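Let's take a walk through this model, one contact at a time. Have the 3D view open and follow along.

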Amino acid sequence: MDQDFARLGAELKAARLRRRPRITQPEAADALGVGRSTVQKMESPRVSQVTTTTVRAYARLLGWTEESVDRVLAGDDPTAAAEGERPLKAVPSDVGLSPEVEYELRTGRVLGSQVFNLGPDEEDGQIIVVLQGKPDATPAEVERIAARYKKARRRLQGIAAESDGVAES
């Protein structure tokens, strides 16, 4: 069976345009760490000129499962990833995160997140935690990560409690 690259490109473009919140080509390129021309190629019959790794990363960014690229190339429809498997939204480049943090936010599987306020007012600051594991983590590995985070969360709650006198749960 021939692989339908034109259809794959059209499906990727349609998925981006349907995505809420909407993401522009430059935002998608920024999130993937590629140029806008690469996103343009992925949304056209020239998608075959882009590395498979980049195409799959784009599909995940748009909320597809790992196997959706192969499904579309074979003539089937893409499938939406489960909520826990979806990547974080694109991180704007002007947020000021280090390249290491931006890379980690774009890879891995988000297992949970939490915000710890450092005081009663918004000006007092926050600690933002994103708990991640490998994309292919087994249930046992996820459970081990969750147990480790439970211990670290108590420490973070202690830091927040020192600031405002009330620990979050």
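**Helices and salt bridges**

Start where H2 and H4 cross: the crossing is right-handed. Keep in mind that you're looking at a predicted model. Helix H2 covers residues 25-32 and helix H4 residues 52-61, and the two pack at an angle of about 115° with their axes 10 Å apart. On the H2 side, the contact is made by Ala28, Ala31 and Leu32, while H4 brings Ala57, Tyr58 and Leu61. What kinds of residues are these?

For charges, look elsewhere. Side chains of opposite charge can pair when their charged atoms come close, and this structure holds five salt bridges. One of them joins arginine 7 to glutamate 11, with the closest N and O atoms 3.7 Å apart. Both residues sit in helix H1 (residues 5-18), four residues apart, or about one turn of the helix. Arginine 7 and glutamate 11 are both buried.

Arginine 7 also meets aspartate 77 in a salt bridge, at 3.0 Å from N to O. That pair links distant parts of the chain, since aspartate 77 is in the loop between helix H5 (68-73) and helix H6 (99-106), 70 residues away from arginine 7 in helix H1. Put together, Arg7, Glu11 and Asp77 form a linked network of salt bridges.

Aspartate 70 belongs to helix H5 and arginine 56 to helix H4, so the pair ties together parts that are 14 residues apart in sequence. Aspartate 70 is partly exposed, at a relative accessible area of 40%.

How values were computed: Residues are numbered from 1 along each chain as its sequence is written. This is a predicted model: local features need pLDDT of at least 70, side-chain atom pairs count only at pLDDT 80 or more; totals for chains, interfaces and linings use all residues. Side-chain values use heavy atoms; hydrogens and water are left out. Axes are lines fitted to C-alpha atoms, for helices over the stretch in contact, and angles run from 0 to 180 degrees between N-to-C directions. A crossing is left-handed if the near helix is turned anticlockwise from the far one by less than a right angle, and right-handed if clockwise. Contact means heavy atoms within 4.5 Å. A salt bridge is a side-chain nitrogen of Lys or Arg within 4 Å of a carboxyl oxygen of Asp or Glu. Buried means under 20% relative accessible area, exposed over 50%, partly exposed in between (1.4 Å probe, protein chains only).
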